Amino acid sequence: MAAIYKINDDFYDESFILIALHTTLDDYALVYGLNQFVKAKFVRTRKDFNLDENKLFPIFEWDDEFHDMYWVLVANHGSEQELISNNDLFHNETTFSKPRLIPEYKDVDYLLKIETEKEFDTNSLIKNILMLPRVMAAYEISTEKLKSKNNLIF
(Lines give C-alpha, C1' and ligand atoms only; values in the text may rest on other atoms or scores of the structure.)
Protein backbone atom coordinates (compact mmCIF):
# COMPACT_ATOMS: atom_id res chain seq x y z
CA MET A 1 0.00 0.00 0.00
CA ALA A 2 1.37 3.44 -0.95
CA ALA A 3 1.88 6.05 1.73
CA ILE A 4 -0.09 9.27 1.50
CA TYR A 5 1.62 12.49 2.56
CA LYS A 6 -0.34 15.64 3.30
CA ILE A 7 1.10 19.11 3.61
CA ASN A 8 0.21 20.77 6.85
CA ASP A 9 -0.98 24.39 6.67
CA ASP A 10 1.50 25.31 9.39
CA PHE A 11 4.44 24.26 7.23
CA TYR A 12 5.18 27.83 6.17
CA ASP A 13 5.36 30.24 9.07
CA GLU A 14 3.76 33.41 7.81
CA SER A 15 4.86 35.55 10.73
CA PHE A 16 7.25 38.23 9.59
CA ILE A 17 7.63 41.97 9.81
CA LEU A 18 6.98 43.93 6.64
CA ILE A 19 8.04 47.56 6.30
CA ALA A 20 7.04 49.72 3.34
CA LEU A 21 9.51 52.32 2.05
CA HIS A 22 8.71 55.36 -0.09
CA THR A 23 11.86 56.78 -1.66
CA THR A 24 13.28 58.18 -4.87
CA LEU A 25 16.58 56.36 -4.32
CA ASP A 26 17.75 53.61 -6.63
CA ASP A 27 18.02 50.18 -5.08
CA TYR A 28 21.82 50.20 -4.77
CA ALA A 29 21.78 53.64 -3.09
CA LEU A 30 19.07 52.55 -0.66
CA VAL A 31 21.03 49.42 0.25
CA TYR A 32 24.19 51.49 0.76
CA GLY A 33 22.29 53.80 3.10
CA LEU A 34 20.76 50.90 5.02
CA ASN A 35 24.16 49.29 5.38
CA GLN A 36 25.51 52.58 6.80
CA PHE A 37 22.65 53.76 9.05
CA VAL A 38 21.18 50.46 10.21
CA LYS A 39 24.54 48.64 10.27
CA ALA A 40 23.18 45.98 7.94
CA LYS A 41 25.07 43.85 5.44
CA PHE A 42 22.69 43.56 2.49
CA VAL A 43 24.03 41.84 -0.62
CA ARG A 44 22.29 41.59 -3.98
CA THR A 45 21.35 38.07 -4.95
CA ARG A 46 22.72 36.59 -8.14
CA LYS A 47 19.27 36.27 -9.65
CA ASP A 48 16.31 38.61 -9.38
CA PHE A 49 13.11 37.32 -7.82
CA ASN A 50 11.04 35.86 -10.65
CA LEU A 51 7.37 36.08 -9.74
CA ASP A 52 5.99 35.35 -13.17
CA GLU A 53 6.96 35.69 -16.81
CA ASN A 54 8.29 39.25 -17.41
CA LYS A 55 7.99 39.99 -13.68
CA LEU A 56 11.48 40.25 -12.22
CA PHE A 57 12.15 42.10 -8.97
CA PRO A 58 15.62 43.11 -7.71
CA ILE A 59 16.26 41.52 -4.35
CA PHE A 60 18.86 42.07 -1.61
CA GLU A 61 19.28 39.80 1.38
CA TRP A 62 21.13 39.66 4.69
CA ASP A 63 21.30 36.63 6.96
CA ASP A 64 21.97 38.09 10.41
CA GLU A 65 23.17 34.96 12.18
CA PHE A 66 24.17 36.85 15.32
CA HIS A 67 20.57 37.94 16.02
CA ASP A 68 18.98 34.94 14.23
CA MET A 69 17.16 37.13 11.70
CA TYR A 70 16.77 37.02 7.93
CA TRP A 71 16.29 40.35 6.13
CA VAL A 72 15.13 40.83 2.54
CA LEU A 73 14.83 44.12 0.67
CA VAL A 74 12.87 43.84 -2.55
CA ALA A 75 11.60 46.43 -4.99
CA ASN A 76 7.82 46.57 -5.23
CA HIS A 77 8.00 47.48 -8.91
CA GLY A 78 9.39 45.13 -11.52
CA SER A 79 12.49 45.91 -13.50
CA GLU A 80 10.81 45.09 -16.82
CA GLN A 81 7.74 46.63 -18.36
CA GLU A 82 5.09 44.54 -19.99
CA LEU A 83 3.35 45.61 -23.18
CA ILE A 84 -0.42 45.88 -22.98
CA SER A 85 -2.45 45.72 -26.16
CA ASN A 86 -5.57 47.85 -26.24
CA ASN A 87 -8.74 47.14 -28.17
CA ASP A 88 -10.33 50.49 -27.47
CA LEU A 89 -10.10 54.04 -28.74
CA PHE A 90 -6.29 54.08 -28.38
CA HIS A 91 -5.56 50.75 -30.04
CA ASN A 92 -2.72 52.22 -32.11
CA GLU A 93 -0.86 53.46 -29.02
CA THR A 94 1.51 51.22 -27.07
CA THR A 95 0.86 51.05 -23.38
CA PHE A 96 3.29 49.76 -20.78
CA SER A 97 2.60 48.65 -17.25
CA LYS A 98 5.09 47.98 -14.50
CA PRO A 99 4.36 44.82 -12.58
CA ARG A 100 3.96 45.17 -8.80
CA LEU A 101 4.96 42.61 -6.20
CA ILE A 102 2.22 43.76 -3.81
CA PRO A 103 -0.52 45.30 -5.98
CA GLU A 104 -2.48 46.53 -2.94
CA TYR A 105 0.35 48.93 -2.15
CA LYS A 106 1.18 50.18 -5.62
CA ASP A 107 2.68 53.46 -4.32
CA VAL A 108 5.27 51.66 -2.18
CA ASP A 109 8.72 51.63 -3.75
CA TYR A 110 10.49 48.98 -1.64
CA LEU A 111 9.52 46.33 0.88
CA LEU A 112 11.70 45.27 3.79
CA LYS A 113 10.81 41.81 5.07
CA ILE A 114 12.29 40.68 8.39
CA GLU A 115 11.90 37.08 9.47
CA THR A 116 12.50 36.58 13.17
CA GLU A 117 11.02 34.66 16.06
CA LYS A 118 12.20 37.18 18.66
CA GLU A 119 10.61 40.42 19.76
CA PHE A 120 11.82 43.22 17.53
CA ASP A 121 11.57 46.98 17.95
CA THR A 122 10.27 48.08 14.56
CA ASN A 123 9.75 51.69 15.69
CA SER A 124 13.46 52.30 16.26
CA LEU A 125 14.27 50.65 12.93
CA ILE A 126 11.76 52.89 11.15
CA LYS A 127 13.28 55.97 12.85
CA ASN A 128 16.73 54.93 11.60
CA ILE A 129 15.40 54.35 8.09
CA LEU A 130 13.73 57.77 8.05
CA MET A 131 17.14 59.35 8.77
CA LEU A 132 18.25 58.30 5.29
CA PRO A 133 18.21 61.17 2.80
CA ARG A 134 15.41 61.02 0.21
CA VAL A 135 13.37 58.47 2.17
CA MET A 136 9.98 60.13 2.46
CA ALA A 137 8.07 57.52 4.46
CA ALA A 138 8.54 54.18 6.17
CA TYR A 139 5.85 52.28 8.01
CA GLU A 140 4.88 48.75 9.00
CA ILE A 141 2.33 46.86 6.92
CA SER A 142 -0.04 44.49 8.66
CA THR A 143 0.55 41.09 7.09
CA GLU A 144 -2.65 39.55 8.41
CA LYS A 145 -4.90 41.40 5.94
CA LEU A 146 -2.46 41.29 3.03
CA LYS A 147 -4.07 39.59 0.01
CA SER A 148 -0.88 38.89 -1.96
CA LYS A 149 1.12 37.50 0.97
CA ASN A 150 2.18 34.51 -1.12
CA ASN A 151 4.21 36.82 -3.38
CA LEU A 152 6.56 37.38 -0.44
CA ILE A 153 7.73 33.77 -0.22
CA PHE A 154 11.35 33.92 -1.34
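Colleague: Which residues have the most contacts inside the largest nonpolar core?
Modeller: Leu30, Phe42, Leu73, Leu112 and Ile129. That core has 25 residues. Bear in mind that this is a predicted model.

Colleague: Which elements give two or more residues to this core?
Modeller: Two helices are on the list, H1 (27-37) and H2 (122-130). The strands are S1 (17-23), S5 (59-64), S6 (69-75), S9 (110-115) and S10 (135-141).

Colleague: And which one gives the most?
Modeller: S6, with four residues.

Colleague: What does leucine 73 touch, leaving out residues up to four places away in sequence?
Modeller: Leu21, Leu30, Val31, Leu34 and Phe42, then Pro58, Ile59 and Phe60, and finally Tyr110, Leu111 and Leu112.

Colleague: What is in the second core?
Modeller: The second core is separate and has 15 residues, including Phe16, Leu18, Val108 and Leu146.

Colleague: Phe16 again. What sits over its ring?
Modeller: The charged end of lysine 113, at 4.8 Å from the ring centre.

Colleague: Switching to aromatics. How many aromatic pairs does the structure hold?
Modeller: Four. In one of them, phenylalanine 42 and tryptophan 71 have ring centres 6.3 Å apart and planes at 80°, so that pair is edge-to-face.

Colleague: Where do those two lie?
Modeller: Phenylalanine 42 is in the loop between H1 and strand S2 (43-44), and tryptophan 71 is in strand S6. The two are 29 residues apart in sequence, so the pair ties together separated parts of the chain.

Colleague: Are phenylalanine 42 and tryptophan 71 buried or exposed?
Modeller: Both are buried.

Colleague: What about the pair of tryptophan 62 and tryptophan 71, how is it arranged?
Modeller: That pair is tilted, with 5.1 Å from centre to centre and 35° between the planes. Tryptophan 62 is buried, as is tryptophan 71.

Colleague: Which residues do ring pairs link into a cluster?
Modeller: Phe42, Trp62, Trp71 and Phe120.

Colleague: Why does threonine 45 count as buried?
Modeller: Because its relative accessibility is 17%, and buried means under 20%.

Colleague: What lies 2.7 Å from a polar atom of its side chain?
Modeller: The backbone oxygen of lysine 47.

Colleague: And which residues does threonine 45 touch, not counting those up to four places away in sequence?
Modeller: Ile59 and Glu61.

Note on methods. Residues are numbered from 1 along each chain as its sequence is written. This is a predicted model: local features need pLDDT of at least 70, side-chain atom pairs count only at pLDDT 80 or more; totals for chains, interfaces and linings use all residues. Side-chain values use heavy atoms; hydrogens and water are left out. A nonpolar core is a set of buried Ala, Val, Leu, Ile, Met, Phe, Trp, Tyr and Cys residues joined through side-chain atoms within 4.5 Å. Buried means under 20% relative accessible area, exposed over 50%, partly exposed in between (1.4 Å probe, protein chains only). Contact means heavy atoms within 4.5 Å. Rings of Phe, Tyr and Trp (its six-membered ring) pair if their centres lie within 6.5 Å; planes under 30 degrees apart count as stacked, over 60 as edge-to-face and the rest as tilted. A charge sits over a ring if NZ of Lys or CZ of Arg is within 6 Å of the ring centre and within 35 degrees of the ring normal. A polar contact is a pair of N or O atoms within 3.5 Å; within protein, one must be able to donate a hydrogen and the other to accept it, and residues adjacent in sequence count only if both atoms are side-chain atoms.
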